[in-house]
Amino acid sequence: MSADGLPEKFDVIVHPAAELRGELRAQPSKNYTTRYLLAAALADGESRVVGVATSEDAEAMLRCLEDWGAGVELVGGDAVIRGFGASPRAGVTLNPGNAGAVARFLMGVAALTTGTDFVTDYPDSLGKRPQGDLLEALSRLGARVQSRAGMFPLSISGPVRGGVVEVSAERSSQYASALMFLGPLLPDGLDLRLTGNIKSHAPLRQTLDTLAAFGVQASASDDLSRVTIPGGQAYRAGRVLVPGDYPGSAAILAAAATRPGELRLSNLREQDLQGEREALDVLREMGADLTREGDTVIVRGGRPLHAVTRDGDGFTDAVQALTAAAALADGTTTWENVYTLRLKECDRISDTRRELQRLGLTVTETQDSLTVTGTPSLAGGVTADGHGDHRMIMLLTVLGLGAQSPIRVTGAHHIRKSYPMFFRHLEALGARFEYPEATRA
Ligand SMILES: O=C(O)C1=C[C@@H](OP(=O)(O)O)[C@@H](O)[C@H](O)C1
Ligand SMILES: C=C(OP(=O)(O)O)C(=O)O
């Protein structure tokens, strides 16, 4: 039994919810947890990361940092990290599980070592995600890299000195973030040129924000095409506080907007660099009654929602949640400029189209967009495939709450990648779930 009290592996049967009502506190941010833990390990001395996420991705980062020689102690909800500074242990095999950002950030830092191997126990998910753009940049810096056609398993050996290097930011921002974590610890620093049509600007700004929080100097052009990081710096150990998580909260907010009732969701600060904060504006534009009192977001649900057309790249990890709202809204919604969704835990364009069609919805896709025609009266009564993807599981769960008959979502335990308490939080609002044995790995 895990900390959430649910079986190790399970499907979820989602019962329609007549209403959702209550108060919740947003879980700690996934993206800030991974960043702060890594920056703490790159500092000499002891740091305290206050209120860390307890998800599988956070555990993956902690495990890998420990394997590299960091001291890790969990004290209450905090992580106390004794850093290895610029000297992670060489000759170690790291397994970042299914965590893309964790894997890429660690791959950058691996250039400080004289050899780090990377494996994953998710060959069908992380194992299929592209790493070539980052490996190429590392190799241009002088690192020796080996991989299976630009994918896991792989090895990276430094040391490297730094200097000017190009990295493509077209498929993922995580490659550039990885180099940004590495840069300050190199003798010559890094003058990064981000090439291609830069995607996911928001996480890049979260990386710059993290460097600043640990006393590292870096400067970036407004469009982020150039990031300059002087070399020979040290990360300064200290105390940082993890903010609330917008991507996971977007799914709770979408659920609350599509059912009658009232939700008060606290711990979502207004000034925040998480791009998924925009989910609030999108829901409002769709017609949701959504207001804010300080760090608390209030949704009075059940108002009819209508379709929107938006560029989704700014809120990439909330697109699935908002697709649930779109599927229960009146009209045809399009998310544009979302090609990178194809490169996540599953293909979040084609796989989403397939699952929504299974539910009877009209859905089309192009290479970089997804279009859904919604219906306020979704029949349900089917089994849908969670595709081992936490955000797909959130999307299908929100649909189950709003459908007329229950929806079974397979492999729902993968919710733990980013939001272990997701079902428990919805139960606290009145939702009802069953957790039968998993029919999908
Ligand atoms: O830097 C990060 O922490 C992340 C960046 C985004 O990825 P891409 O840059 O690949 O879009 C996001 O989807 C992911 O969940 C976390
Ligand atoms: C894509 C995601 O994460 P990652 O890239 O870190 O695996 C996500 O959290 O939706």
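Helices are DSSP runs of at least four residues, numbered from the N terminus. In this predicted model, helix H1 provides the largest share of the shell around ligand 1, namely 3 residues. The elements that give two or more residues to that shell are H1, spanning 30-41, and H3.

The shell of ligand 1 holds 13 residues, of which Arg35, Ser172, Ser173, Asp317 and Lys344 come nearest. A residue belongs to such a shell if one of its heavy atoms lies within 4 Å of the ligand. By class, the shell around ligand 1 divides into 3 nonpolar, 6 polar and 4 charged residues. Both domains take part: at least three residues come from domain 1 (12-27 + 244-434), and at least three from domain 2 (30-230).

For the side chain of Gln174, the distance to an oxygen atom of ligand 1 is 3.1 Å. Taken alone, ligand 1 exposes 380 Å², and the protein buries 95% of this area. Ligand 1 sits in the largest cavity.

Ligand 2 also sits in the largest cavity. Helix H3 (100-109) and helix H11 (390-402) are the elements that give two or more residues to the shell around ligand 2. In total, 14 residues surround ligand 2, and the closest are Gly100, Ala101, Arg129, Arg391 and Lys417. Of the residues in this shell, 8 are charged, 4 are polar and 2 are nonpolar. As for the domains, domain 1 (12-27 + 244-434) and domain 2 (30-230) each supply at least three residues to the shell of ligand 2.

Polar atoms of the protein also lie beside oxygen atoms of ligand 2. The side chain of Arg391 has an N or O atom 2.7 Å from an oxygen atom of this ligand. In Gly100, a polar atom of the backbone is 2.8 Å from an oxygen atom of ligand 2. A polar side-chain atom of Asp317 is found 3.3 Å from an oxygen atom of ligand 2, and Asp317 is also listed among the residues that come nearest to ligand 1. On its own, ligand 2 has 290 Å² of accessible area, of which the protein covers 98%.

Methods: Residues are numbered from 1 along each chain as its sequence is written. Chains are lettered from A and ligands numbered from 1 in the order in which they are written. This is a predicted model: local features need pLDDT of at least 70, side-chain atom pairs count only at pLDDT 80 or more; totals for chains, interfaces and linings use all residues. Side-chain values use heavy atoms; hydrogens and water are left out. A polar contact is a pair of N or O atoms within 3.5 Å; within protein, one must be able to donate a hydrogen and the other to accept it, and residues adjacent in sequence count only if both atoms are side-chain atoms. Accessible areas come from the Shrake-Rupley method with a 1.4 Å probe; for residues, only the protein chains shown count as cover. On a 1 Å grid over the protein atoms alone, a cavity is a set of points where a 1.4 Å probe fits but cannot get out, and a pocket is an open set with protein on both sides within 12 Å along at least five of seven lines; lining residues have an atom within 4 Å of a point. A molecule sits in a cavity or pocket if more than half of its atoms lie within 2 Å of its grid points. Ala, Val, Leu, Ile, Met, Phe, Trp, Tyr, Cys and Pro count as nonpolar, Asp, Glu, Lys and Arg as charged, and the others, Gly among them, as polar. Domain bounds come from an automatic or database domain assignment.
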